[in-house]
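Hello,

Here is the structure I promised to pass on. My notes follow below it.

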There are 2 protein chains.
Amino acid sequence: MPSLLAYDDPASDVMLDAATGVRRSILPGGVRLLTQTDHSVRSASIGLWLPVGSRDERPEHAGSTHALEHLLFKGTERRTAMDIATAFDEVGGDSNAVTAKEHTLYFGRVRSSDVPRAIDVLTDMITASRLTPEALETEREVILEELAMAEDDPTDVGYETYLADVLGANTAVGRPVGGTAESVTALDIEDVRAHYREHYRPENLVVTAVGDIDHDELAELLSTGLRRGGWELEAGELPRRRPHLTDLAGSGPALTTDVAAISPHRLVRPTEQNHIFLGGPGISAVSEDRHTLSVLMSVLGGGMSSRLFQNIREQRGLAYSVYSFTAGYRDVGLFGLYAACRPGRTEQVVELLAAELTQMGADGIGEDELTRAKGQITGTFALGLEDTSSRMGRLGTIELVHGRYTSVDETLAKISRVDVAAVRDLAARLGESFSTRVEIGPDA
Amino acid sequence: MPSLLAYDDPASDVMLDAATGVRRSILPGGVRLLTQTDHSVRSASIGLWLPVGSRDERPEHAGSTHALEHLLFKGTERRTAMDIATAFDEVGGDSNAVTAKEHTLYFGRVRSSDVPRAIDVLTDMITASRLTPEALETEREVILEELAMAEDDPTDVGYETYLADVLGANTAVGRPVGGTAESVTALDIEDVRAHYREHYRPENLVVTAVGDIDHDELAELLSTGLRRGGWELEAGELPRRRPHLTDLAGSGPALTTDVAAISPHRLVRPTEQNHIFLGGPGISAVSEDRHTLSVLMSVLGGGMSSRLFQNIREQRGLAYSVYSFTAGYRDVGLFGLYAACRPGRTEQVVELLAAELTQMGADGIGEDELTRAKGQITGTFALGLEDTSSRMGRLGTIELVHGRYTSVDETLAKISRVDVAAVRDLAARLGESFSTRVEIGPDA
């Protein structure tokens with residue numbers, strides 16, 4: 001059995017990683033199942049993934065993916081909303097659902113004995129949701145409260161604004177995941193139903209599970225559950241990898257090395273702190289530079305020993321929260337530097353944030369920093385993978401984003417090959433890609 | 001060896017729980033070490049606990065416990081702040097420190113091979129911190145930024161205000177953990193040093209560790225680390241259980257069953273939502289009623305199937321976030337109902353929140369609800385205990401709060417004995433204990 005499998009490989013049942021027991025099957029209908037059996041725990045994390053998110057929405061239906069995720073909890077042909085709620089609560093752990101820009105995920109962590117019940121309710125939701133107009137009317141109000149809650153969190157508002165400014169406010173990928181109060185108010189149940197019919201299909205579905213499970217038993221439970229909800233699962237069907245809607249802005253934002261030349265996008269709020277987001281376009285989630293980026297981000301703003309933390313917080317006491325961040329999608333990405341401080345310190349903090357990246361592009365990093373960053377990434381990786389939820393998430397990302405399996409050891413080997421020259425070159429590239437400065441805080 | 005051990009039992013080395021391998025030693029100096037060895041992971045969670053928190057502060061030194069926690073990262077005789085930051089980053093995982101009302105905790109999750117290094121840096125911090133005036137000057141600014149950040153989070157501000165109103169704004173337990181901008185600005189390094197000398201002592205220290213560790217090796221590492229920092233650890237010393245400063249308000253707030261009669265404490269902010277906190281005094285962390293309270297809270301507002309979630313969110317769409325909560329300290333506690341909604345809905349939401357508890361006190365709960373709540377608590381418990389951090393935390397709580405070991409099975413047995421009558425009685429008691437309504441949101 002091959003140790004690597006391309007997304008569109010027709011092999012229907014492959015051991016992807018014999019050392020850690022990662023196995024992938026294509027079930028009837030083209031449903032993909034990836035599992036890692038681990039009997040050292042008495043539970044399992046299970047995720048049902050659809051490769052559809054807010055960037056698959058047309059502007060006039062913005063928020064429909066997120067609304068659909070909510071409505072899936074409101075009842076099926078066999079279950080009331082209360083039945084679904086009860087099933088999730090009985091599942092315990094960290095069960096929930098997430099709508100993102102490029103995928104939607106329904107997940108739960110359950111005791112081994114509850115796996116059949118969890119699969120039954122999750123498959124019921126994605127195959128046989130009732131999607132009634134009445135449910136939308138109630139849930140619309142809940143979603144409007146959710147948007148109002150986000151609106152009250154300055155970091156949240158600043159981050160969404162920053163994403164829109166860098167990626168393009170009028171592009172599918174740049175719009176906020178939940179839509180706006182206006183678009184949610186205008187949502188029609190037929191839009192949501194059309195979305196459900198078009199995207200919630202066997203050839204789109206990816207199921208990942210890690211823990212005290214048996215791959216073949218799970219395959220059987222899944223097929224039974226999906227068929228009960230009315231899905232016809234034909235043998236020999238293959239998964240489908242549909243491109244996301246891509247309406248990226250043609251030109252993108254103007255890039256500069258001179259942060260002082262960027263006109264800040266200011267949102268005035270009567271807050272105590274000014275929240276600063278500074279950066280520009282970065283690299284996509286599938287770029288081979290992502291390992292170099294991990295190291296760069298660790299050195300720049302990834303922990304207490306990072307340059308931003310040491311120079312802005314520890315040495316100068318200018319901020320409590322200061323870090324760097326990235327976001328990567330299938331074809332685009334961004335980088336950012338964040339700090340929150342009382343307003344009088346803003347200009348000094350902005351200069352210091354930019355200077356750290358610029359200096360790294362000019363002078364590179366030390367071998368000691370490189371070693372420390374690799375140690376930090378490796379350690380965080382190892383510790384993170386001790387819980388089944390993280391591994392379940394990793395299998396989903398591998399299948400949905402990369403479409404090709406990479407073992408943990410392979411990923412760590414790629415990290416270990418990053419050198420100081422690569423970090424310097426990438427820092428120089430990012431240092432030439434500043435485009436955007438968002439601030440949310442009191443009037444200056 | 002006994003399976004239970006009272007706090008002041010002079011036995012110096014006891015297997016508390018042979019079934020799960022929980023062991024407790026009193027090391028020289030009276031240092032307590034509680035471990036649970038689990039070789040199914042290749043990491044360990046380690047916590048160093050001091051039984052001292054913000055409620056041990058005199059009002060004029062408010063915030064000094066939290067400031068001390070910050071300053072411990074600023075350098076020791078052997079390490080610079082950067083050395084400490086590097087050690088923590090290399091530790092990976094979820095390393096950090098927490099100041100609470102009744103304890104301070106320094107913790108880390110590390111790979112097995114990093115355990116000696118983690119113990120070395122943590123013991124260095126608690127024994128040999130330099131606590132220089134210069135470090136306080138820088139860190140004071142960081143803490144003021146931290147307080148400003150909290151001030152910008154309406155839920156945070158509302159919760160702190162609620163705690164102060166129920167517990168007494170002028171009591172040690174009612175004051176906010178971090179102090180105020182005024183008290184932090186006034187802090188003197190001598191106050192912080194006095195706090196360190198008085199409380200960071202062997203007879204106060206509790207160390208808990210769970211994972212791929214050996215109890216005796218850890219004991220040796222600890223003693224070595226503490227002695228290196230200058231602690232004289234005498235054989236035969238016993239732990240000390242010092243009472244917290246208790247300056248509880250004599251009478252407490254006025255109690256009522258009539259929520260409409262409570263005058264709201266309104267904080268005006270130009271937010272989208274109004275954040276509502278409603279409730280009153282509850283039960284302490286050591287009350288035997290706490291198991292009944294767990295069941296009650298699960299049925300009332302503990303998950304998607306709970307009464308508050310179903311009746312306020314699912315049926316009526318009045319809120320996105322709605323739940324019940326409790327806080328318990330050694331001698332006092334409180335309960336609360338929370339919801340956030342757009343302002344026009346406030347009065348309806350307040351009525352519905354109160355009505356759910358009142359009705360539970362009058363009519364009790366169904367056997368089906370009781371069964372579901374027990375299932376949820378048991379499942380959450382079982383899943384939570386799969387990670388070493390949760391178990392490390394549980395051992396610390398057992399030692400610091402309860403002073404007597406209880407196995408997971410014993411706790412679950414107590415939960416299983418809760419009946420509908422006990423839940424109804426407790427609901428009736430809480431329904432007669434409404435005292436406080438805090439709202440933070442736009443002007444009505």
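I start with a helix pair in chain A. A:Lys374, A:Ile377, A:Thr378 and A:Phe381 of H12(A) touch A:Val408, A:Thr411, A:Leu412, A:Ile415 and A:Ser416 of H14(A) (contact: heavy atoms within 4.5 Å). These residues split into 5 nonpolar, 3 polar and 1 charged (nonpolar: Ala, Val, Leu, Ile, Met, Phe, Trp, Tyr, Cys and Pro; charged: Asp, Glu, Lys and Arg; polar: the others, Gly among them). H12 (367-384) and H14 (408-416) of chain A pack at about 170 degrees, axes 10 Å apart (axes are lines fitted to C-alpha atoms, for helices over the stretch in contact; angles run from 0 to 180 degrees between N-to-C directions). Helices (H or I, at least four residues) and strands (E, at least two) are DSSP runs, numbered from the N terminus.

This is a predicted model: local features need pLDDT of at least 70, side-chain atom pairs pLDDT 80 or more, while totals for chains, interfaces and linings use all residues. Residues count from 1 along each chain as written, chains are lettered from A and ligands numbered from 1 in written order, and side-chain values use heavy atoms, without hydrogens and water.

Next, the sheet. Five strands of chain A form an open, mixed sheet, ordered E8-E12-E9-E11-E10 (strands pair if DSSP finds at least two bridges between them). E8 (265-268) and E10 (322-328) of chain A are the edges. E9 and E11 of chain A pair antiparallel over 8 bridges. There, A:His275 bridges to A:Ala340 in E11(A). Helix H10 (307-314) of chain A lies across E10 and E11 of chain A.
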